[in-house]
Amino acid sequence: MKEETLEFSGEIIELMKNAQFRVRLENNHVILAHASGKLRKNRIRCLLGDKVKVSISPYNLSLGRITFRF
């Protein structure tokens, strides 16, 4: 069963503990996001100001998962 998610582009505005980040989306909403497993596994660093692609569940629009770093 495929989980339905919403995809947004955004920019990291704050670094937090445990690979979590505050991300400002393209529509100016600010969410809390964590790095996906592939980003952690391949040791891809996400830094302040990076443009990222965020996947958000429609059930909780304040939490997301960073799936790609541009």
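## Polar contacts of Asp 50

A polar contact is a pair of N or O atoms within 3.5 Å; within protein, one atom must be able to donate a hydrogen and the other to accept it. In this predicted model, the backbone nitrogen of Leu 47 lies 2.7 Å from a polar atom of the Asp 50 side chain. The side chain of Asp 50 also makes a polar contact with the side chain of Arg 69, at 3.0 Å.

Asp 50 is located in the loop between α1 and β4. Its relative accessibility is 14%, and Asp 50 therefore counts as buried, the cut-off being under 20%. When neighbours within four places in sequence are set aside, the residues in contact with Asp 50 are Gly 10, Glu 11, Ile 12, Arg 45 and Arg 69.

## Salt bridges

Three salt bridges are present in the structure. One of them joins the side chains of Asp 50 and Arg 69, with an N to O distance of 3.0 Å. This pair links distant parts of the chain, since Asp 50 belongs to the loop between α1 and β4 while Arg 69 belongs to strand β5 (residues 63-69), 19 residues apart. Asp 50 is buried at 14% relative accessibility, whereas Arg 69, at 35%, counts as partly exposed.

A salt bridge is also formed by the side chains of Glu 11 and Lys 51, at 3.2 Å from N to O. Here too the pair links distant parts of the chain: Glu 11 is in strand β1 (residues 6-16) and Lys 51 is in strand β4 (residues 51-56), 40 residues apart. Glu 11 is partly exposed, with a relative accessible area of 31%, and Lys 51 is partly exposed at 45% relative accessibility.

## Aromatic pair and charge over a ring

A pair of aromatic rings is described by the distance of the centres and the angle of the planes.

Phe 68 is partly exposed, having a relative accessible area of 40%. Phe 70, at 55% relative accessibility, counts as exposed because the cut-off for that class is over 50%. The ring of Phe 68 also has a charged residue over its face: Lys 53 lies there, at 5.7 Å from the ring centre.

Ser 36 occupies the loop between β3 (30-35) and α1 (37-41). Its relative accessible area is 9%, and Ser 36 is therefore buried.

Apart from neighbours within four places in sequence, Ser 36 is in contact with Arg 65, Ile 66 and Thr 67. For Ser 36 and Thr 67, the separation is 31 residues in sequence and 5.7 Å in space, C-alpha to C-alpha.

Notes
Residues are numbered from 1 along each chain as its sequence is written. This is a predicted model: local features need pLDDT of at least 70, side-chain atom pairs count only at pLDDT 80 or more; totals for chains, interfaces and linings use all residues. Side-chain values use heavy atoms; hydrogens and water are left out. Helices (H or I, at least four residues) and strands (E, at least two) are DSSP runs, numbered from the N terminus. Buried means under 20% relative accessible area, exposed over 50%, partly exposed in between (1.4 Å probe, protein chains only). Contact means heavy atoms within 4.5 Å. A salt bridge is a side-chain nitrogen of Lys or Arg within 4 Å of a carboxyl oxygen of Asp or Glu. A charge sits over a ring if NZ of Lys or CZ of Arg is within 6 Å of the ring centre and within 35 degrees of the ring normal.
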